[in-house]
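Please look at the sequence and the 3D structure below. The briefing that follows takes the overall fold and then one residue in turn.

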Amino acid sequence: MNKQYCIISFPETDYQPIILEKHQQISEHLTIENSPVLFGCRTGICGTCLVMIAGDIPPPSEEEKEILDIFASTNKQARLACQIELTSDIEIRHCGEQK
Ligand code: FES
């Protein structure tokens, strides 16, 4: 049976892991109270939600790649948290490369 839930964890922080159903938008569930991730536009334009993600998720879309090139061109783990498709357990770390 397919696993229907994914665990989002925040290593090296005091935030507790969050469990969400697969394919949910994490930007709709992460808040300033339950995660270290900050969001701005939530549409993949501003780069506020830039993070490093470890986990087996689909690669970025062309639109997301364009923004990643601007904010984190050398960091292959960098992603926009508001744009990722949740398909497996992931670890979210702060991305220190934001300009
Ligand atoms: S919140 Fe603006 S790019 Fe994700």
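How many helices and strands are there in the protein? The protein has one helix and five strands. The model is a predicted one. In sequence order, the elements run β-β-β-α-β-β.

**Overall shape**
- The radius of gyration of the protein is 13 Å, close to the 13 Å that the globule rule gives for 99 residues, so the protein is as compact as a globular protein of that length.

**Burial, surface and contacts**
- Of the 99 residues in the protein, 37% count as buried.
- The protein has an accessible surface of about 6,100 Å², and carbon and sulfur atoms hold 51% of this surface.
- Among contacts with a separation of 6 or more, 59% are between residues 24 or more positions apart.

**Charges**
- The protein carries 8 positive and 15 negative charges.
- The mean position of the positive charges and that of the negative charges are 3 Å apart.

**Residue G55**
- G55 belongs to strand 3, which covers residues 50-55.
- Its relative accessible area is 45%, so G55 counts as partly exposed, because that class lies between the limits of 20% and 50%.
- Leaving aside residues up to four places away in sequence, G55 touches S88, D89 and I90.
- G55 and T87 are 32 residues apart along the chain, and 8.9 Å separates their C-alpha atoms.

Conventions
Residues are numbered from 1 along each chain as its sequence is written. This is a predicted model: local features need pLDDT of at least 70, side-chain atom pairs count only at pLDDT 80 or more; totals for chains, interfaces and linings use all residues. Side-chain values use heavy atoms; hydrogens and water are left out. Helices (H or I, at least four residues) and strands (E, at least two) are DSSP runs, numbered from the N terminus. Buried means under 20% relative accessible area, exposed over 50%, partly exposed in between (1.4 Å probe, protein chains only). Contact means heavy atoms within 4.5 Å. The radius of gyration is taken over C-alpha atoms; the globule rule is 2.2 Å times the number of residues to the power 0.38. Accessible areas come from the Shrake-Rupley method with a 1.4 Å probe; for residues, only the protein chains shown count as cover. Lys and Arg count as positive and Asp and Glu as negative; His and the chain ends are not counted. The place of a charge is taken as NZ of Lys, CZ of Arg, CG of Asp or CD of Glu.
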